[in-house]
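Please open the model in a viewer and follow the stops below in order. Each stop names a selection and then describes what is found there.

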Amino acid sequence: MPRGSGARDGRNRRRRMPQLWLGRGEGKHPALQATAHGERRYRVGRVPRRLPRTGVRTRLRALPWWRMAAAVVAMGIAAGATFGVFTFVSGDSLRVRQADVTGVDVADPHAVVRAADVGGRSLLVVNTRAAAERIVATLPEVKAATVERDWPQRVRITVTEHQAWGFWESAGHRAVIDADGLVLEHGRPPPRDAVTIVDVHGTLPPQGGDLIDADSVQTVARLVEDARSRRLGVTVERFEFHHDRGLVVRVNGGPDAVFGDSHNYDFKVAAWGALLDQLAEEPRAVQEIDLRFGRHLVMR
């Protein structure tokens with residue numbers, strides 16, 4: 001080998017070595033870089049993920065067992081709570097075993113309890129309003145009722161009975177009425193000195209459940225109280241109801257008073273008293289005083 005040939009071959013080999021430039025992106029491979037001394041450097045990338053196996057065991061391992069276990073536990077707790085609530089509601093610890101009835105005088109307390117129909121029911125599901133409505137609908141002598149829970153196994157029933165006030169007479173038949181003019185078939189009896197209102201032109205006897213002229217009944221009630229307090233100063237013989245004139249008060253030893261209705265009640269009473277005082281000082285042949293026309297008082 002001639003001298004210098006080795007050096008020339010070395011230069012040729014160095015010349016044939018790949019040159020990797022570190023310029024700004026020129027000839028630059030993303031995974032291969034070279035230093036200034038000709039060294040090669042490789043960039044290690046992300047290792048590709050292995051495809052999962054499709055076997056049954058692999059699939060079972062991939063399932064979210066902890067989520068499934070939590071769901072099973074939650075369903076068990078919910079089922080237990082539901083069963084506990086059902087057992088508590090349907091059990092005997094809150095069932096109605098006793099009923100206290102107050103306010104009865106005419107009605108049978110046992111009939112009131114039977115009409116309420118709450119015995120043996122759970123207090124959690126008892127409909128107190130419906131029970132009170134059943135009492136009123138079943139017993140005609142009961143005007144109103146309330147049902148209240150008394151924990152843990154009792155209910156309180158308060159009854160308001162119909163209270164008779166007086167009588168309404170029509171077509172020769174006399175019926176019991178309350179202070180609102182309702183004809184009663186059952187209820188507490190009226191007082192001994194109860195008032196009777198005579199329907200002069202009535203052709204039909206009053207029937208239970210009929211509503212008589214409530215305004216006339218209430219006006220008579222006020223007149224009775226004023227007569228007892230001696231505000232009127234007259235002795236009332238009886239009260240009459242006329243379909244064309246309204247309420248007429250028959251007086252012993254004096255002129256009758258045609259009231260009509262309760263409109264301007266206080267003025268009518270005051271005017272009636274003033275006219276009676278005037279007639280006491282200046283006697284006249286007056287049969288009745290008509291108070292239906294306000295300040296225009298008519299004496300006949």
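**From a sheet to its aromatic pairs**

Begin by selecting β4 and strand β5 (residues 154–161), which pair in the antiparallel sense over eight bridges; two strands pair if DSSP finds at least two bridges between them. Helices (H or I, at least four residues) and strands (E, at least two) are DSSP runs, numbered from the N terminus. The model is predicted: local features need pLDDT of at least 70, side-chain atom pairs count only at pLDDT 80 or more, and totals for chains, interfaces and linings use all residues. Residues are numbered from 1 along each chain as its sequence is written, and side-chain values use heavy atoms, leaving out hydrogens and water.

Within this pairing, Val-159 of β5 is the bridge partner of Ala-145.

Next, select Trp-168 and Phe-241. Their ring centres are 5.6 Å apart and their planes lie at 55°, so the pair is tilted; rings of Phe, Tyr and Trp (its six-membered ring) pair if their centres lie within 6.5 Å, with planes under 30 degrees apart counted as stacked, over 60 as edge-to-face and the rest as tilted. Trp-168 belongs to strand β6 (residues 164–170) and Phe-241 to strand β10 (residues 236–242), 73 residues apart. Are these residues buried or exposed? Trp-168, at 3% relative accessibility, counts as buried, and Phe-241 is buried at 12%; buried means under 20% relative accessible area, exposed over 50%, and partly exposed in between (1.4 Å probe, protein chains only).

Finish with Phe-259, Tyr-265 and Trp-272, which ring pairs link into a cluster.
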